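Please have the sequence and the structure open as we go.

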Amino acid sequence: ARLAKELAGLQAELATAAQEKEQATRTAEEARASQASLDEKTNALEGELGRAKEMLKVEQGKLSDAAARETKLAKQRDELVAQLCSLKAEKTTLEQDLEQARIELQ
């Protein structure tokens with residue numbers, strides 16, 4: 001009777017161990033599936049990050065080009081302002097010369 005009890009106890013432990021093994025197998029399979037899903041999401045996000053970095057480089061290039069154009073236009077504007085000032089001074093001189101010539105002709 002004692003051996004039968006021990007045998008029954010061992011069989012119960014064996015059944016429990018088999019259930020635990022089955023549960024551990026399911027948990028491991030779920031973990032592998034979760035890992036595969038996370039790997040897929042990670043790869044997708046890394047791809048998006050790469051595309052975003054490329055877009056950023058393009059936009060930075062555009063900004064750099066725009067800044068260069070702005071600098072060039074500002075230089076041209078300054079040159080035109082200088083020419084305008086020079087022309088105004090020349091006009092003033094010509095008007096004074098004209099006025100002096102009128103006075104001399106009188």
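Let me begin with a term that I will need throughout: by buried I mean under 20% relative accessible area, by exposed over 50%, and by partly exposed anything in between, computed with a 1.4 Å probe on protein chains only. By that scale Ser 37, at 33% relative accessibility, counts as partly exposed.

Two remarks on where the values come from. This is a predicted model, in which local features need pLDDT of at least 70 and side-chain atom pairs count only at pLDDT 80 or more, while totals for chains, interfaces and linings use all residues. Residues are numbered from 1 along each chain as its sequence is written, and side-chain values use heavy atoms, with hydrogens and water left out.

Staying with Ser 37, this residue lies in helix H1, where helices are DSSP runs of H or I with at least four residues, numbered from the N terminus. Between the C-alpha atoms of Ser 37 and Met 55, which are 18 residues apart along the chain, the separation is 27 Å. Thr 27 also has its place in helix H1, and with a relative accessible area of 40% Thr 27 is partly exposed. From Thr 27 to Leu 38 we count eleven residues in sequence, and the C-alpha to C-alpha distance is 16 Å.

Now to the charged side chains. Side chains of opposite charge can pair when their charged atoms come close. I call such a pair a salt bridge when a side-chain nitrogen of Lys or Arg is within 4 Å of a carboxyl oxygen of Asp or Glu. How many salt bridges does the structure hold? There are seven of them, and I will describe some.

One joins Glu 59 to Lys 62, at 3.6 Å from N to O. Because Glu 59 and Lys 62 are three residues apart in helix H1, which covers residues 2–105, about one helical turn separates them. Glu 59 is partly exposed at 42% relative accessible area, and Lys 62 is likewise partly exposed, at 48%.

Another salt bridge links Lys 91 with Glu 95, whose closest N and O atoms are 3.8 Å apart. Here the two residues are four apart in helix H1, so that Lys 91 and Glu 95 are again separated by about one helical turn. Glu 95, at 44% relative accessibility, is partly exposed.

Finally, Asp 78 and Arg 77 form a salt bridge in which the closest N and O atoms lie 3.0 Å apart, and Asp 78 is partly exposed, with a relative accessible area of 43%.
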